[in-house]
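Let's take a friendly walk through this structure together. Have a look at the sequence and the model, and then follow along.

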Amino acid sequence: MSDRQVILTGDTPTGQLHLGHFVGSVRRRLELQETCDCFFLLANMHAFTTRADDPGGIRGDTLEIVRDYLAMGIDPAKAAIVLQTEVPAIAELTYLFAMLLPFNRVMRNPTLKEEIRVKELGDTYSFGFPLYAVGQTADILVFRAHSVPVGEDQVPHIELTREVARRFNKMYCGVPEDVEDDDPIMSEKGVFPIPRADVGRVGRLVGTDGVNKMSKSLNNAIYLTDTPKQVKKKLGQLYTGRQSMTDPGDPDNGLMQWLETFVEENRAAEVKDRYVRGDNIGDGHVKAEIAEAISALLEPMQERRAQYDGDDDTIIDILRDGTARANVVAEETLSMAKEAAGLGFFRRSLCLK
Ligand code: TRP
């Protein structure tokens with residue numbers, strides 16, 4: 001094993017990725033894939049928590065996300081793109097970890113509660129729905145990840161993961177009860193490093209409505225596949241409330257966030273300065289500049305994406321390769337964990353090809 005940092009993060013396949021995903025997470029992954037051992041997991045089983053009746057849709061979305069990853073510049077030679085449902089060790093660890101967590105502790109997870117509220121799941125959600133939070137701890141720990149780049153909303157899941165790792169190491173690996181997370185004894189004796197959440201700086205890109213976080217369901221997203229014309233049109237909807245070219249603009253509004261996110265730094269500073277002073281610069285002008293920058297960003301992505309259009313076989317080959325690399329680590333972790341938990345009766349080897 002190398003001593004490089006291990007990074008794990010994932011996405012539940014729920015539809016195409018948009019610019020919010022690029023800014024909030026994928027851009028960071030492009031940096032990480034250069035220097036760390038990266039695993040990017042397609043959490044396709046998690047999609048079944050609320051869409052079990054739509055397997056065809058889940059399969060399609062899974063393949064589309066791989067296309068979006070490749071388009072945005074994730075390089076399968078550097079980072080493993082992994083299909084969750086073909087890493088059996090994840091399911092096995094989920095079962096074991098479910099025994100280490102009080103039921104009420106899982107149900108207190110604020111992200112789960114929020115999802116139940118927002119998706120109006122009431123009390124009819126499946127048993128598997130809260131189980132996915134336990135599953136997510138296994139997604140992370142099976143790779144013995146050090147760091148998990150995620151958005152703010154995922155932090156409670158990482159907290160749960162840290163709890164499982166601590167408890168496992170103390171219960172089964174002889175790590176004394178009072179040892180702190182960063183004490184070398186934790187990593188020397190324990191099976192699992194205590195993973196950190198790596199929360200991105202621009203966690204949240206405002207959507208084209210200028211108010212809410214960009215999201216598919218709010219219909220305020222720009223997709224990787226949008227043409228320059230569509231980008232322009234969508235940006236046109238970004239509402240600022242500013243009335244004229246000489247009104248002093250709000251330095252913290254959605255438009256300024258977009259400017260600073262997509263336009264080259266010096267130019268953005270210059271435009272912002274004029275905007276804030278109301279120095280004869282209209283919203284329309286600023287929007288046009290941003291639209292141009294976004295289209296320039298999207299163009300190479302669209303070219304890359306076009307290579308894989310209609311070609312599911314190549315996408316599946318990429319998944320097969322990434323998943324095979326993942327299974328080498330995952331099986332090793334599983335046997336370490338079983339050994340520690342008194343389940344190492346005999347060795348098995350699965351043929352995972
Ligand atoms: N729950 C995450 C989301 O909906 C996706 C996910 C699944 C994930 N497994 C993970 C993220 C492991 C980080 C680590 O966005």
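Helix H2 passes helix H3 in a right-handed crossing. In this predicted model, the axes of H2 (residues 44-51) and H3 (residues 55-72) come within 10 Å and cross at roughly 145°. On the H2 side, the contact is made by Asn44, Ala47, Phe48 and Arg51, while H3 brings in Pro55, Gly57, Ile58, Asp61 and Thr62. Sorted by class, these are 4 nonpolar, 3 polar and 2 charged residues.

Now let's turn to the aromatic rings. The whole structure holds 9 aromatic pairs. One of them joins Phe97 and Phe168, whose ring centres are 6.3 Å apart with 80° between the planes, an edge-to-face arrangement. Phe97 belongs to helix H4 (residues 88-98) and Phe168 to helix H8 (residues 155-172), so this pair ties together parts that are 71 residues apart in sequence.

Phe192 sits in the loop between helix H9 and strand E5, 24 residues from Phe168, and is buried at 1% relative accessibility. Together with Tyr172, the residues Phe97, Phe168 and Phe192 form one aromatic cluster.

The charged end of Arg29 sits over the ring of Phe40, 5.3 Å from its centre. Elsewhere, Arg242 lies over the face of Tyr275, at 4.3 Å from the ring centre.

Terms used:
Residues numbered from 1 in each chain as written. Predicted model: local features only at pLDDT ≥ 70, side-chain atom pairs only at ≥ 80, totals over all residues. Heavy atoms only, no water. Axes fitted to C-alpha atoms, helices over the stretch in contact; angles between N-to-C directions. Helix = DSSP H or I, 4+ residues; strand = E, 2+ residues; numbered from the N terminus. Left-handed = near helix turned anticlockwise from the far one by under 90°. Contact = heavy atoms within 4.5 Å. Nonpolar A, V, L, I, M, F, W, Y, C, P; charged D, E, K, R; others polar. Phe/Tyr/Trp six-rings, centres within 6.5 Å; stacked < 30°, edge-to-face > 60°. Buried < 20%, exposed > 50% of the residue type's maximum accessible area, 1.4 Å probe, protein only. Lys NZ or Arg CZ within 6 Å of the ring centre and 35° of its normal.
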